[in-house]
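Here is a report on one protein chain, written for a reader who is new to structures. Please keep the sequence and the structure in view while reading.

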Amino acid sequence: MKTALITGVTGQDGSYLAEFLLDKGYKVYGLRRRTSTPNYENVQHIKDRIEWLSGDLTDLASLIEAVRTSQPDEVYNLAAQSYVAASWPQPLATGQMTALSVTNMLEAVRIMKPDTKFYQASSSEMFGKVVETPQKETTPFYPRSPYGVAKLYGHWITVNYRESFNMFACSGILFNHESPRRGIEFVTRKVTDAVARIKLGLQNELRMGNLDSLRDWGFAGDYVKAMWLMLQQEEPDDFVISTGEMHTVKELLEVAFSYVGLNYEDYVVIDQAFVRPAEVDLLLGDCTKAKEKLGWELEVGFKELIHMMVDADLKRILAEKKSSFI
Ligand code: GDP
């Protein structure tokens, strides 16, 4: 039986990855940060099958202990401050949690069990103000937010540990990936949640920022398979994971609102509070290398993804509404 240690296991990607690895027969350890009100929403259904460890990515001692206890074959480092907009008001915390924390995790592995395979969650935000389109593994980086800058550090320190210490360390450059488990502040989920609330008569407007930015949005459930595939190769390497299709935020609004028979123009209000100090105008990934070398394939397309998210939000809000009447 293989053993995996996942940081960020209660998040969107961590929960899909934990499900996927448990189905494959892995023993899955999940690192959890101590909080007074823990949130297990994404992993409620598998909570008892995960071996829980306490630790904090900014505390090397706790990570060394986590690696010592779990003796993992594979580490998936998914935990971070992952919301771009929050990285301007909290640039230093983002640097601690998204950049330096990667070195902490790599150090814990190097010190305790250097033959562990290591996956780092890198991000298309590293391409930022893109210098070529589509973006691939060889495209130069130009991050546009403290988050993007921090992820770039995490990316290069992973490459550096591979080259310095001969560790099996891979970096997955994942383009935006969404699901019903996406955090509510991200644009896809913000929109699908609002569509469901508007449809059910609980909300009558949606305040948004820049509707013209273009993103390459895929389904998180498909993307976690690519993470695993990277660690099953003979040699460690870095891969872009994307759909190769891009859509504007406006198209996202159209798809989500029209799915429930509404016109987004009747509800959306532009609010400068959601416009960012520096924007990433366009992200479009070329994942040819992942398709060829990993045999990775995409299963869920853009429309299907947004419809899935609207359906899930409708179901959840209806259930909440019902229970509040009891
Ligand atoms: P990101 O690509 O990691 O920043 O993912 P997000 O889902 O947070 O944002 C995607 C794009 O949607 C960015 O270009 C945002 O500027 C744009 N956007 C427009 N309005 C909003 C909004 O109200 N909330 C968020 N999160 N993004 C918005």
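In the chain, 34 residues of domain 1 are in contact with 25 residues of domain 2, where contact means heavy atoms within 4.5 Å. The model is a predicted one, in which local features need pLDDT of at least 70 and side-chain atom pairs count only at pLDDT 80 or more, while totals for chains, interfaces and linings use all residues. Residues are numbered from 1 along each chain as its sequence is written, and side-chain values use heavy atoms, with hydrogens and water left out.

The domain assignment gives domain 1 as 3-177 + 218-241 and domain 2 as 182-215 + 245-324; such bounds come from an automatic or database domain assignment. The C-alpha centres of domain 1 and domain 2 are 24 Å apart. Between domain 1 and domain 2 an area of about 2800 Å² is buried, and carbon and sulfur atoms give 62% of this area. Buried area is the accessible area (1.4 Å probe) that two parts lose on being put together, summed over both.

The next topic is the helix pairs. Helices (H or I, at least four residues) and strands (E, at least two) are DSSP runs, numbered from the N terminus. Axes are lines fitted to C-alpha atoms, for helices over the stretch in contact, and angles run from 0 to 180 degrees between N-to-C directions.

| Helix pair | Axes come within | Crossing angle |
|---|---|---|
| α2 and α3 | 9 Å | roughly 45° |
| α3 and α4 | 8 Å | roughly 15° |
| α5 and α7 | 10 Å | roughly 30° |

Angles under 35 degrees count as roughly parallel, over 145 as roughly antiparallel, 65 to 115 as roughly perpendicular and the rest as oblique. Helix α2 passes α3 in a right-handed crossing; a crossing is left-handed if the near helix is turned anticlockwise from the far one by less than a right angle, and right-handed if clockwise. The residues of α2 that meet α3 include Leu-60, Leu-63 and Ile-64, and by class the contact of α2 with α3 has 9 nonpolar, 1 polar and 2 charged residues. In this scheme Ala, Val, Leu, Ile, Met, Phe, Trp, Tyr, Cys and Pro count as nonpolar, Asp, Glu, Lys and Arg as charged, and the others, Gly among them, as polar.

Helices α3 and α4 cross at roughly 15°, so α3 is roughly parallel to α4, and the crossing of α3 and α4 is right-handed. Among the residues that meet here are Pro-91 and Thr-94 in α3 and Pro-146 and Tyr-147 in α4. By class, the contact of α3 with α4 has 12 nonpolar, 6 polar and 3 charged residues.

Helices α5 and α7 are likewise roughly parallel to each other, and α5 passes α7 in a right-handed crossing. Their contact is made by Val-187, Thr-188, Val-191, Val-195 and Ile-198 of α5 together with Val-249, Leu-252, Leu-253, Ala-256 and Phe-257 of α7. By class, the contact of α5 with α7 has 9 nonpolar, 1 polar and no charged residues.

The peptide bond from Thr-133 to Pro-134 is cis, with omega near -5°, and Pro-134 is placed in the loop between β5 (117-123) and α4 (146-165). Gln-71, although not a glycine, has a positive phi of about 45°, and Gln-71 lies in the loop between α2 (60-70) and β4 (74-77).
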